[in-house]
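This report describes a structure for a reader who has not seen it before. The sequence and the structure come first.

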Amino acid sequence: MAAEAWPPYLLLACVGLYLLAKAMRLRRRMRTTPPPAVMDAELVERLNAGRGPE
Amino acid sequence: MNGKLAARFSKPYVTAHRFERLRYCRKCGSVTSLRGAACSSCGRSGTLRPLSRMGAGKARLRVLLEAAILAAAAVAAVYLSPNPLEKAIAAILGAGLLTGCALLLRRYSSTFAPYRLHRLLLDQTEQIARGLDADEKAAEADYDADRYLDCYEKLREIGEFLLTDRIRYNKIICLDHFVLRKDMDLELESVVPHKFSKLFARYLWEVSKVNRALIREKTLDYALRFRGDIERLPYGPELMTNVASAALRSRSNLGACEYLIGDYAVALPRDRFLRLCSLLAASRGEHPELAARAAAVARSRYAGDEAVQRLARAFS
């Protein structure tokens, strides 16, 4: 491969790596995002933390 | 009617999740749980938006910007290629990467909003807590201005998030200003406090007279826990009779409320005593002590009542 052909392929390789990292990040987000019912319960728990039941 | 007010509550705002009730002000950024059009912090009207939409515009812009940068990189790769063959290869690779990006966004697009909402709820907890405090102050102002209905409706919204006895007592204090009717959207289970309270016992008595169906597990548990305190009140026996009547709604309550029902069986109205007899007949042998006490009441109080005697024979 000619030396002058490297910059475009390097650019495309960077785009590919970025997409790969993004895919992994989105996959992790999907696994770690709780369902809405859990978000709801956690929010109420945080809002009442330190207030005491009485 | 002891100076009590006739009130009509607005329909409760029903949402699948509590966070859907929260709105934020586009001008001052404060969060509110109230339904009104005006922000409870800055007082501006028409500036409230659902909290879940906070930052949605920026997130969409970020996705578009990211896609534009990737497209520009693919175009730059084609432009930088030295000959037509290399340009064609770069174009094919660039198109493939952009297609991959589009597929990736499409595959995970359904997770964007829940993820952003989760981050938002975590980051904005302090802001939400401050907003609820401002809402409570607005409710206090309504109470001070004798606007009890507005105050109660505000507290009802705040009480969805703040599960403290203070909010519960304040709600009961407001409800004490109204004539309670069966057609009202009254709440009972959500105002059950942690400690014994004469205020709540009185409200429970009022509610038990107009809508016994509202007495459910949490209230039954409260009545059993503080039975001694309640019975010492002037209206205590009547209240406990109503609670015993309510406990007869479900067969599963017979075990938990066996002694309460047994003690108040003699005071139960005839239809509730018939209900008790039919429950005992359906669960024959499961509650022998209660069955014996009910049979004694049937003999002493309903001696000439054929319907009661027939059922009493079925379980005794």
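The text below goes from whole chains to the sheet, then to helices and single residues.

The model is predicted: local features need pLDDT of at least 70, side-chain atom pairs count only at pLDDT 80 or more, and totals for chains, interfaces and linings use all residues. Residues are numbered from 1 along each chain as its sequence is written, chains are lettered from A and ligands numbered from 1 in the order in which they are written, and side-chain values use heavy atoms, with hydrogens and water left out.

## The two chains

Helices (H or I, at least four residues) and strands (E, at least two) are DSSP runs, numbered from the N terminus. A residue is buried under 20% relative accessible area, exposed over 50%, and partly exposed in between (1.4 Å probe, protein chains only). Accessible areas come from the Shrake-Rupley method with a 1.4 Å probe, and for residues only the protein chains shown count as cover.

Chain A has two helices and zero strands. Of its 54 residues, 31% are buried. Chain A exposes about 3,400 Å², of which carbon and sulfur atoms supply 66%.

Chain B has 14 helices and three strands. Buried residues make up 45% of its 316 residues.

The C-alpha trace of chain B spans about 110 × 50 × 30 Å along its principal axes. Its radius of gyration is 31 Å, whereas a compact globule of 316 residues would have one near 20 Å. This radius is taken over C-alpha atoms, and the globule rule is 2.2 Å times the number of residues to the power 0.38.

Contact means heavy atoms within 4.5 Å. Among contacts in chain B between residues at least 6 apart in sequence, 62% join residues at least 24 apart.

Chain B carries 51 positive and 35 negative charges, and their mean positions are 5 Å apart. Lys and Arg count as positive and Asp and Glu as negative, while His and the chain ends are not counted. A charge is placed at NZ of Lys, CZ of Arg, CG of Asp or CD of Glu.

## The sheet of chain B

Two strands pair if DSSP finds at least two bridges between them. The three strands of chain B form an open sheet in the order E2-E1-E3, with antiparallel pairing. Its edge strands are E2 (31-32) and E3 (48-50), each of which pairs on one side only. Strand E1 (residues 23-25) of chain B is joined to E2(B) by two bridges in the antiparallel sense. B:Tyr24 has B:Val31 in E2(B) as its bridge partner.

## Helices and loops of chain B

Helix H5 (residues 165-175) of chain B has these buried residues: B:Asp165, B:Ile167, B:Arg168, B:Lys171, B:Ile172, B:Cys174 and B:Leu175. The buried residues of H5(B) pack against helix H3 (125-144), helix H4 (148-158), helix H6 (198-210) and helix H7 (217-225) of chain B.

In the loop between H3 and H4 of chain B lies B:Asp146. The phi of B:Asp146 is near 65°, a positive value in a residue other than glycine.

B:Tyr203 belongs to helix H6 of chain B. Leaving out residues up to four places away in sequence, B:Tyr203 touches B:Ile172, B:Leu175, B:Leu180, B:Leu186, B:Glu187, B:Leu188 and B:Val191.

B:Thr219 is in helix H7 of chain B. Beyond its neighbours within four places in sequence, B:Thr219 is in contact with B:Leu188, B:Glu189, B:Val192, B:Phe200, B:Leu204 and B:Leu214.

B:Gly236 is in helix H9 (residues 236-247) of chain B. With neighbours within four places in sequence set aside, B:Gly236 is in contact with B:Ile230 and B:Glu231.

B:Asp305 sits in the loop between helix H13 (288-301) and helix H14 (306-315) of chain B.

The table lists relative accessible areas.

| Residue | Relative accessible area | State |
|---|---|---|
| B:Tyr203 | 4% | buried |
| B:Thr219 | 0% | buried |
| B:Gly236 | 0% | buried |
| B:Asp305 | 15% | buried |

## Separations in sequence and space

For B:Thr219 and B:Pro50, 169 residues apart along the chain, the C-alpha separation is 34 Å.
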